[in-house]
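Please read it alongside the sequence and the coordinates.

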Amino acid sequence: MILIQFAIYGVIGLTYLGLALGYIPGLRMNRATIALVGSTFLIAFGVLNLQEAWQAIDPNTIVFLLSMMVVNANLSYAGFFRRALAVLLSFTRSPLGLLIALTFGSGILSAFFLNDTLALVFTPLTLSLAQALSLNPIPYLLAIAGATNIGSVATLSGNPQNILIGSFSGIPYLEFLRILAPVAFIGLIIQVGLLWLLYPDVRSAKPCQVVAINNQRIFKPLFNKTLVITTGLLIAFTIGLPLAQSALVAASLLLITRRIKPQRVLKKVDWNLLVMFSGLFILTKATQKLNLLQPFTHVINSAASLLGVTVVLSNLISNVPAVLLLQPLISPDDTKSWLLLAAGSTLAGNLTLFGAVANLITVEAAADLGYKLTFLEHLRFGLPLTICTLIITYLWVNLG
């Protein structure tokens, strides 16, 4: 019996360690497989039975996330994100203007569409643009990474952890937007100011050569259909219709098509993320059943401590596991705590290079073209940005 208990705690510890590192040394495992294998061992050791594990998985979250991935895939194939960037950059041709356009453009778009999608699409376009204009791409890549994190704070559909919180808390879409959109907007302004201070090259308001964005071919029927359905989805969110059901209907309508093979859309779905979510739901249920969350109840006894614990955990084990770990400790009707959890877990992603997927996307893309974005260079930008945005969040949400 003692050996089984030791094994159970060992599995939980090793699983969270693997989630923190993103891998298990010596093994080819990612966070998805770590969460799945860890939860499976807990079932095998009798912490949960299979039915309890299945019931632990929140269907609203999984359906919402899957459906938004399908919507984003269709927007990407329709050329919406490229067209949006081209429109943004048509208003300015100066280094400072480009920085502002990329910051607010990617920030606003990431508020309504999953932030990692924006990072994936905008990063190669930004690199191409910087090369064409002979500009240092690093500050513009930092702008994309930071803005997609900050902008996604504003809505329940901006990132996976907000989707989770929307499912658990029942906060209406518009109320969430009303409270946290100002935090996101001020955060984007602070980001522009920091990059202006850190990178003198971006301060110039003098126009560069004519900016030409190489647009991919737009298939108007697909573009128009996707735009109409997505607009309808956003209207459904704002009038208070159920988020998961609305997103599922929109995704299903987009899958009825003669224009694009379903395999192409489904390849864009991040199945690893869905598997990781499922495993984490089971892992969280097991930690609840074992009463391992008790120490946290004494730690998060104030708004400031909740925000601090959220930031620390988000950087140790990633933001989604942090939200799932802390959510049982927050009352469903404690709106302020849910908002602090949402903002804290998202803004914490800007702290270090490894704090958010968007950061890693930009680093890898830059490295492929010979530009090195180091941990310290990101930290000198991410640390003050995170501190400033967290202070604003605390003051706005808790004292507002």
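A residue is called buried when its relative accessible area is under 20%. L353 has a relative accessibility of 6%, and therefore counts as buried. The structure is a predicted model, and the points below are grouped by topic.

- L353 is located in the loop that runs between α18 and α19, the latter spanning 357–368.
- Leaving out residues up to four places away in sequence, L353 touches N359, L360, V363, L373, T374, F375 and H378.
- The C-alpha atoms of L353 and L376 are separated by 8.5 Å, although the two residues are 23 residues apart along the chain.

**Packing of α18 and α20**
- Helix α18 (residues 335–347) and helix α20 (residues 375–398) have axes that come within 10 Å of each other and cross at roughly 170 degrees.
- Angles over 145 degrees count as roughly antiparallel, and α18 and α20 are therefore roughly antiparallel to each other.
- On the α18 side the contact is made by K336, L339, L340, A343, G344 and L347, and on the α20 side by T386, T389, L390, T393, Y394, V397 and N398.
- Sorted by class, the residues in this contact of α18 with α20 are seven nonpolar, five polar and one charged.

**Packing of α16 and α17**
- The axes of helix α16 (residues 303–317) and helix α17 (residues 319–326) come within 7 Å, with a crossing angle of roughly 130 degrees.
- The helices α16 and α17 are therefore oblique to each other.
- Their crossing, that of α16 and α17, is right-handed.
- Helix α16 contributes V309, T310, L313, S314 and I317 to the contact, while α17 contributes N319, P321, A322, L325 and L326.
- The contact of α16 with α17 comprises seven nonpolar and three polar residues, with no charged residues.

**The nonpolar core**
- The largest nonpolar core has 133 residues, and L180 and F277 are those with the most contacts inside it.
- Helix α10 (residues 173–198) gives the most to this core, supplying eleven residues.
- Beyond residues up to four places away in sequence, F277 touches T61, I62, L65, P160, L164 and V320.

- N162 is part of helix α9 (residues 160–169).
- With a relative accessibility of 0%, N162 counts as buried.
- Apart from neighbours within four places in sequence, N162 is in contact with S152, V153, T155, L156, F176, A342 and T346.
- S246 belongs to helix α12, and its relative accessible area of 10% makes S246 buried.
- S246 touches L233, A236, F237 and L241, when residues up to four places away in sequence are not counted.

**An exposed loop residue**
- R259 lies in the loop between α12 (243–255) and α13 (262–267).
- Is R259 buried or exposed? With a relative accessible area of 53%, R259 is exposed.
- From C-alpha to C-alpha, R259 and P221 are 8.4 Å apart in space, and 38 residues apart in sequence.

Key. Residues are numbered from 1 along each chain as its sequence is written. This is a predicted model: local features need pLDDT of at least 70, side-chain atom pairs count only at pLDDT 80 or more; totals for chains, interfaces and linings use all residues. Side-chain values use heavy atoms; hydrogens and water are left out. Axes are lines fitted to C-alpha atoms, for helices over the stretch in contact, and angles run from 0 to 180 degrees between N-to-C directions. Helices (H or I, at least four residues) and strands (E, at least two) are DSSP runs, numbered from the N terminus. Angles under 35 degrees count as roughly parallel, over 145 as roughly antiparallel, 65 to 115 as roughly perpendicular and the rest as oblique. Contact means heavy atoms within 4.5 Å. Ala, Val, Leu, Ile, Met, Phe, Trp, Tyr, Cys and Pro count as nonpolar, Asp, Glu, Lys and Arg as charged, and the others, Gly among them, as polar. A nonpolar core is a set of buried Ala, Val, Leu, Ile, Met, Phe, Trp, Tyr and Cys residues joined through side-chain atoms within 4.5 Å. Buried means under 20% relative accessible area, exposed over 50%, partly exposed in between (1.4 Å probe, protein chains only). A crossing is left-handed if the near helix is turned anticlockwise from the far one by less than a right angle, and right-handed if clockwise.
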